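This report looks at the spaces inside a protein and at the molecule that goes with it. Please keep the sequence and the structure in view while reading.

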Amino acid sequence: MDSKDMARRQLMRQGAASLAGLALLHSHLLAQAFPARPGEEVIPWLDQPPPNPSGGVVENLPQWEELSSFLTPNDKFFRVAHYNKPVIDEKAWTLEITGLVKQPKTLTLPALKARPRKEVVFTLECSGNHGFPWFISGIGTAKWAGTPLAPLLKEAGVLNRGMEVVFVGRDAGEEEVRQAKMPQHFARSMSLVDAMNPNNLLCYEMNGAALPQPHGFPVRLIAPGWYGIANVKWLKRIEIWDTRFMGPFMARDYVTIPEEQRNQETVWTETSVGRALLKSVPAKVTSSSGKYRIVGAAWGPSVARVEVQIDAGPWVAATIDRREQADFAWKLWSLEWANATPGEHAITSRAVDTQGNVQPAMEDPRIAKKRTY
Ligand SMILES: Nc1nc2c(c(=O)[nH]1)N[C@H]1C(S)=C(S)[C@@H](COP(=O)(O)O)O[C@H]1N2
Ligand SMILES: [Mo]
């Protein structure tokens with residue numbers, strides 16, 4: 001992909017008159033304190049992404065310039081659906097827990113809601129985000145609520161040989177494997193150990209509202225720390241298996257293949273998309289009474305700090321907003337841009353984790369040599 005997607009170009013012109021000519025986005029958002037401030041103007045990026053060509057698979061991508069709150073409102077949250085988008089009658093809906101269990105279960109929505117409730121603030125990113133020039137905002141943060149998965153699996157009594165937990169959605173499409181065509185439900189799996197993680201929720205609420213239909217109504221898996229693909233929507237069945245599950249979203253479409261040099265040898269390793277990685281973006285530049293500010297987000301495991309580079313200048317530490325934080329949520333950051341000059345500028349951010357690992361640049365072989373997005 002193009003490095004411009006990370007180093008956003010930014011046009012600045014001298015004087016309030018010409019600034020007024022630039023688009024002012026969503027002025028109703030300006031009332032909020034952070035990351036938007038009263039009276040400030042948002043200066044749109046020059047390198048806007050091209051139109052979304054995905055034909056309804058990826059929908060509702062926000063513009064980064066709209067970022068104005070720690071939680072993403074439901075109607076601004078991106079959506080991905082690979083098959084159909086089932087509209088499910090909650091009264092007829094049940095969730096089955098089946099396969100290698102002593103006590104198979106069939107749960108209704110009221111039965112799930114009667115169980116202990118837990119909330120998690122989790123930033124959900126599609127692993128394809130930043131894999132295409134048009135796909136740079138496939139990420140959002142919500143407060144998800146539901147009931148923990150692990151106690152239900154315990155009650156069902158997973159048999160000793162059970163090692164894989166397969167989450168099956170109600171949505172389905174036709175798949176072809178070696179000339180054999182078959183309808184398949186959307187499905188993803190996790191090892192039993194990963195599935196038993198106490199953070200995983202059978203989620204029925206998003207930001208205080210019933211889980212919206214496009215996000216998986218009535219119930220989806222929320223697996224904090226995992227890429228979007230693991231968070232199966234429109235849940236229908238949970239199956240316990242004694243072999244690895246190899247569906248298309250495990251072993252075909254959502255795989256990562258980096259090319260590595262090991263001594264004199266070139267090696268390609270293929271793994272299934274799993275846990276979120278360290279990333280950041282500059283989201284927007286604002287101006288207020290002649291002062292410029294850069295606001296962005298950083299996410300992935302244990303972000304410690306964020307640094308920003310303007311054009312070819314030095315890397316400067318941004319300030320992380322510590323008011324709203326959660327283990328599995330993005331961190332919002334900002335940087336006052338002193339001595340901003342008129343003209344076009346490139347702004348790049350990088351996150352650094354608590355171990356000192358630095359988010360790789362687009363030119364880094366770890367990114368540049370990936371054979372998949
Ligand atoms: N049943 C089902 N679940 C699914 C998908 C899907 O197509 N069907 N898409 C996955 C992908 S690729 C992503 S990125 C997330 C997106 O979640 P959202 O639509 O709530 O943003 O849902 C995941 N869960
Ligand atoms: Mo995704």
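## What counts as a cavity

A cavity is a set of grid points, laid over the protein atoms alone, where a 1.4 Å probe fits but cannot get out, and a molecule is said to sit in a cavity if more than half of its atoms lie within 2 Å of its grid points. In this model, which is predicted, ligand 1 sits in the largest cavity.

## The largest cavity

How many cavities of 30 Å³ or more does a search of the whole structure find? The search finds 2, and the largest cavity has a volume of about 260 Å³.

The lining of this largest cavity is made up of 20 residues, and those that lie nearest its centre are Val80, Arg220, Gly228, Asn231 and Lys233. When the lining residues are sorted by kind, 12 are nonpolar, 4 are polar and 4 are charged.

## The surroundings of ligand 1

Around ligand 1 there are 19 residues, with Phe78, Asp171, His215, Arg220 and Lys233 as the closest. This shell divides into 11 nonpolar, 4 polar and 4 charged residues.

For Asn231, a backbone N or O atom lies 3.0 Å from a nitrogen atom of ligand 1. Taken alone, ligand 1 exposes 540 Å², and the protein buries 100% of that area.

## The largest pocket

The structure also has pockets to consider, and the largest pocket holds about 910 Å³ of space. Its lining consists of 34 residues, and Tyr227, Leu277, Arg366, Ile367 and Lys370 are the ones that lie nearest its centre. Sorted by kind, the lining of the largest pocket contains 17 nonpolar, 11 polar and 6 charged residues.

Which element supplies the largest share of this lining? That share comes from α6, which gives 3 residues. At least two lining residues each are supplied by β15 (255-256), β18 (271-272) and α6 (365-368), and Arg366 and Ile367, which lie nearest the centre of the pocket together with Tyr227, Leu277 and Lys370, fall within the range of α6.

Notes
Residues are numbered from 1 along each chain as its sequence is written. Chains are lettered from A and ligands numbered from 1 in the order in which they are written. This is a predicted model: local features need pLDDT of at least 70, side-chain atom pairs count only at pLDDT 80 or more; totals for chains, interfaces and linings use all residues. Side-chain values use heavy atoms; hydrogens and water are left out. A residue is near a molecule or strand if one of its heavy atoms lies within 4 Å of it. A polar contact is a pair of N or O atoms within 3.5 Å; within protein, one must be able to donate a hydrogen and the other to accept it, and residues adjacent in sequence count only if both atoms are side-chain atoms. Accessible areas come from the Shrake-Rupley method with a 1.4 Å probe; for residues, only the protein chains shown count as cover. On a 1 Å grid over the protein atoms alone, a cavity is a set of points where a 1.4 Å probe fits but cannot get out, and a pocket is an open set with protein on both sides within 12 Å along at least five of seven lines; lining residues have an atom within 4 Å of a point. Ala, Val, Leu, Ile, Met, Phe, Trp, Tyr, Cys and Pro count as nonpolar, Asp, Glu, Lys and Arg as charged, and the others, Gly among them, as polar. Grid points are joined across faces, edges and corners, and a volume is the space filled by probe spheres set on the points. Helices (H or I, at least four residues) and strands (E, at least two) are DSSP runs, numbered from the N terminus.
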